[in-house]
Amino acid sequence: MTESALFFCAFILYAVSAAFLFVYLFSEKDKWARTGYQIIFAGFIIHTAALAARTLESGHAPFTNMYESLSFLAWCGAFAYVSMEGKYKIRKAGPYFILIIIVLMALASSPLMPKEVRPLMPALQSYWLWLHVSVTLMGEAFFAMAFVTSILYLITKSKKSIRSKQKKDLTPERLDFISYKCIAVGFPLFTLGGLVFGMIWAYKAWGRYWGWDPKEVWSLITWFVFALYLHTRLVMGWKGKRSAITAIIGFLAALFTYFGVNYLLAGLHSYL
Amino acid sequence: MNSFVKFFSSIKVSIFLLIIITLATTLGTLIPQGRSVEAYTEKYGDWAPFLIKSGITRLYQSPWYLFLLLLFFINIIVCSLTRIKKKFTQAFKPQIMTEERKLETLSLKKTFTCPQSVSQAEKRLKEILSSRGYKVKEQSTQGIFFLLARKRFSGLFGSDIVHLGILIVILGGFISGAAGFRENIALAAEETKSVPGTDFFLKLNRFETHYYRDRSVKDWKSTLSLIKNSKIIMTKTIEVNHPLSYKGFVFYQSGYGWDWRNPEVELVMERKTENPFSESIRTIVGEKKSIKEKEIEIDPLYFVPDFVLTEENKVTTRSLEPNNPALYVKISEKGEIVFAGWLFLKYPEFNTRNSQGDSFLSVEFKDLKAEPYSIIQIAKDPGVPFIWAGCFFVMTGLFLAFYFIPRQLRFLIKKENQYTRVSAGGTAAKAKDSFKREFDKIIQSFRRTG
């Protein structure tokens, strides 16, 4: 099968899995959740094959233009979901998170994203492309997960008085805990991929490790916001609402770093 | 001094500084950095002088931003130092003895009796704990045994190692800013230039541009030699992402260009009627050439690599890329000007209408040759080793802080009637769930063998 067919298959599977999990949300029957999980797992495997096919076809890493990088970010999201669900059983936050994956896949398949394989420009020809982009996007996928659980935290918290019957695995405390766990994975990954690997590569390619390029600056801003999250939480004992809001701001900063900087601010990262 | 320490050791001050620095850093991406005064005046009007004076237009180099970083630097040092002493005591000089009522206040606790003797129970507990990777310290007084079992205690210092790393990175940044040096030099093939601030020279032996099949650039390769006292020290072919390093100097393939001062051009002259002829000539821009026994004189006067007309209808070049090379030529026949105008290499149909007068001469701009040159960035940055060391500490510390969470268990074993009474208690800052599971397992496996 070709790369685009595999990509499409994965897209469909993600959508079906989201449908199953939404049914679970209302029916509360475990089998829907289990099947949904199996389907997204299958989608993840097929998506992996799509990325591998893309790599074989192009001869370079599968994240050198917007289409590829959106698809890769969606793949990281699927990985983040499959691993967090496997470890912490977050089923009821699942469908909302898969919606993000679906949005990414939809954006990637939009006709506005050129899909043809282009040869790599000189600055991108480095193994640091693999290390820098993949680790950073994986970190950002975990931030996205924390974003979803934080929003759900705020919603369930405000609804608590109205709906006394709380679903067992979606208590605010649990959501707060899962947000923290996601950031505990995302933050070291983002630091390593975005900042450390980014600096090493910038030094090799451009002759300086830091140049206050807008993308660099926004990575730093994202890092500061999550540093704030961790310090207010671990040292000042913030939890719950204020933590959730900080995590949401952090994710929005990460989103702007990934997306907004390219379209709104000029800089060296203009190719992606 | 005391109030200074007190102020900077406050976590609230850290949070405040972190927020201020984040906002200031953001401001620098909203206002374009390092542009000309005219550009700011055009964009911001009356605000421009304020923006420039306050350093906002060069925010990350401005004194007040650096001052904020300095405050942050001091804050991290003071915060870490005021907290580290307690951590050292906790890690290296822990109190082993405890009291039962203290154990009861811990989040994990259990008290039970067992039939073994006190020393048997102690021995068995130590076995179980060390098989689970705990390091056990013991002490006894008046027939009461105390055990302190701990593992992953280096995780206690995770955050301190991160902070140490950040300090080293900031230090490295200041060193780079103060002592770093960066300069671009352009070299044509076979050209040698001295490396600024040193006694050695850089020679470009070869410069090649490699293209993909679709004519986009694949890579630039410059073969460089470093020369000292007329001797070649080393030779290496550099390309983007693969610089040459020598004694703290790093040479990067940073750009390329062409020497447009006097490129070589080829022109084809043709006349179809009246003494028809066709002749191609090669010359250098600025050098007249004549053909037909000096009857026809060709004078290529000006050249631009990327022709564009300004609003005032003046010719200029849009870039230094040969996107639209154009040549202004004057041709005279028997002393009379028969043609004067622009010729385009890529768009001959736009040539200024040929043949003034009645000579019916046509001329075309056929080929262009300019000397390519390579732009090499020479950098020396003594801050770089600090940055890498700092990054290493940050990553190690993050790993320890998140995934090497210290666990500590205390046991108090004493004789009570004919039985032995064991009280146990434990604390973990994070990952309480998995620690509880382990705690329960330890107690279980002890009681089972009891």
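This passage describes the contact between chains A and B of a predicted model and two residues with positive phi values. Residues are numbered from 1 along each chain as its sequence is written, while chains are lettered from A and ligands numbered from 1 in the order in which they are written. Because the model is predicted, local features need pLDDT of at least 70 and side-chain atom pairs count only at pLDDT 80 or more, whereas totals for chains, interfaces and linings use all residues.

The contact, in which two residues are paired if their C-beta atoms, placed from the backbone, lie within 7 Å, takes 32 residues from chain A and 37 residues from chain B. On the side of chain A that touches chain B, helix H6 (172-206) and helix H7 (214-234) each supply at least two residues, and H7(A) gives the most, with 11 residues; helices (H or I, at least four residues) and strands (E, at least two) are DSSP runs, numbered from the N terminus. By class, this side of chain A has 24 nonpolar residues (Ala, Val, Leu, Ile, Met, Phe, Trp, Tyr, Cys and Pro), two charged residues (Asp, Glu, Lys and Arg count as such) and six polar residues (the others, Gly among them).

In chain B, B:Arg152 has a positive phi of about 55° although it is not a glycine, and its place is in the loop between strand S3 (144-151) and helix H8 (158-179). B:Arg152 has 18 C-beta neighbours inside 10 Å and therefore counts as partly exposed.

Notes
A residue is buried if 20 or more other C-beta atoms lie within 10 Å of its own, exposed if 12 or fewer, and partly exposed in between; C-beta atoms are placed from the backbone.
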